[in-house]
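Work through the exercises below with the sequence and the coordinates open. Try each task before reading its solution.

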Amino acid sequence: MSQSFRAVKEIWNVHSSCFIEPEKLIVLLHDLAARAGTASDEHEYGDNKAVWLEDGKKVLDYMEADERFNAASFKDSMEEQGIVVDKNDLATLIDNMRSLVKQWRSSIGERGELVFYIDAC
C-alpha cells in the first residue's frame, strides 16, 4: 500500500455565520452540490469539518443566479431527508451565502474545487 503526503496552501476567505446547526449546514452543502451538478464529500479535521465541492464555479454560479437557491426550496428538500430546519434561519443563511459569492470565487482551487470548513457554529 502506497502512502503519500503533501503541503497544502490554505487561504482563509470571508466567513459566514452558520445560522443553522453544523450537521444541517453540511446537508445543505451536499444538496447544493447535487443541484449544481457536481460531486461533494466531507472530512473531519479535529474540531473542523470540511465539505469539498468538486466544481466550485458551478456551485457559486448556482448560488448567484439560480432562482431555486432559496429557503423554501431547500427547506422542502431537507425535510424530505428527515431534517427539520427553521425557514427564517435558512433564509438568513442563504441570503448571506449569496452575498458572499463574489468573495468566495477567489477560494476556488487550481483544479476547480471549493472547500468549506465548518468550525465555530
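**Exercise 1. Find what serine 17 touches, leaving aside its neighbours within four places in sequence.**

Solution. Serine 17 is in contact with Leu93 and Asn96, once neighbours within four places in sequence are left aside. Contact means heavy atoms within 4.5 Å. Serine 17 lies in the segment before H1. Helices (H or I, at least four residues) and strands (E, at least two) are DSSP runs, numbered from the N terminus. The cut-offs are under 20% relative accessible area for buried, over 50% for exposed, and in between for partly exposed (1.4 Å probe, protein chains only).

A note on the model before going on. It is predicted: local features need pLDDT of at least 70, side-chain atom pairs count only at pLDDT 80 or more, and totals for chains, interfaces and linings use all residues. Residues are numbered from 1 along each chain as its sequence is written, and side-chain values use heavy atoms, with hydrogens and water left out.

**Exercise 2. Describe the backbone and the exposure of phenylalanine 19.**

Solution. Start with the location: phenylalanine 19 is found in the segment before H1. Its phi is near 65 degrees, a positive value in a residue other than glycine. Its relative accessibility is 37%, so phenylalanine 19 counts as partly exposed.

**Exercise 3. How many aromatic pairs does a search of the whole structure find?**

Solution. The search finds four. Rings of Phe, Tyr and Trp (its six-membered ring) pair if their centres lie within 6.5 Å; planes under 30 degrees apart count as stacked, over 60 as edge-to-face and the rest as tilted. One of the pairs is tyrosine 62 with phenylalanine 69: 6.2 Å centre to centre, 75 degrees between the planes, hence edge-to-face. Tyrosine 62 has a relative accessible area of 7%, so it is buried. Phenylalanine 69 is buried too, at 1% relative accessibility.

Now take tryptophan 104 and phenylalanine 116. This pair is edge-to-face, at 5.0 Å centre to centre and 75 degrees between the planes. It links distant parts of the chain: tryptophan 104 is in helix H4 (residues 87-104), phenylalanine 116 is in strand S3 (residues 114-118), and they are 12 residues apart. Tryptophan 104 is buried at a relative accessible area of 6%. Phenylalanine 116 counts as buried at 13%.

**Exercise 4. Which residues do ring pairs link into a cluster?**

Solution. The cluster consists of Tyr62, Phe69 and Phe74. Then look for a charge at the ring of phenylalanine 74. The charged end of arginine 35 sits over that ring, 3.8 Å from its centre. The test is NZ of Lys or CZ of Arg within 6 Å of the ring centre and within 35 degrees of the ring normal.

**Exercise 5. Why do H1 and H3 count as roughly perpendicular?**

Solution. The axes of H1 and helix H3 (residues 71-80) come within 11 Å and cross at roughly 105 degrees. Angles under 35 degrees count as roughly parallel, over 145 as roughly antiparallel, 65 to 115 as roughly perpendicular and the rest as oblique. H1 and H3 are therefore roughly perpendicular.

Next, list the contact. H1 contributes Lys24, Val27, Leu28, Asp31, Leu32 and Arg35; H3 contributes Ser73, Phe74, Ser77 and Met78. By class, these are five nonpolar, two polar and three charged residues. Ala, Val, Leu, Ile, Met, Phe, Trp, Tyr, Cys and Pro count as nonpolar, Asp, Glu, Lys and Arg as charged, and the others, Gly among them, as polar.

Finish with aspartate 31, in helix H1 (residues 22-36). Aspartate 31 touches Phe74, Ser77 and Gln81, not counting residues up to four places away in sequence. At 11% relative accessibility, this aspartate counts as buried.

**Exercise 6. Which residues make the contact of H1 with H2?**

Solution. The axes of H1 and H2 come within 9 Å and cross at roughly 95 degrees. The two helices are therefore roughly perpendicular. Leu32, Ala33, Arg35 and Ala36 of H1 meet Lys58, Val59, Tyr62 and Met63 of H2. The classes are six nonpolar, no polar and two charged.

Methods. Axes are lines fitted to C-alpha atoms, for helices over the stretch in contact, and angles run from 0 to 180 degrees between N-to-C directions.
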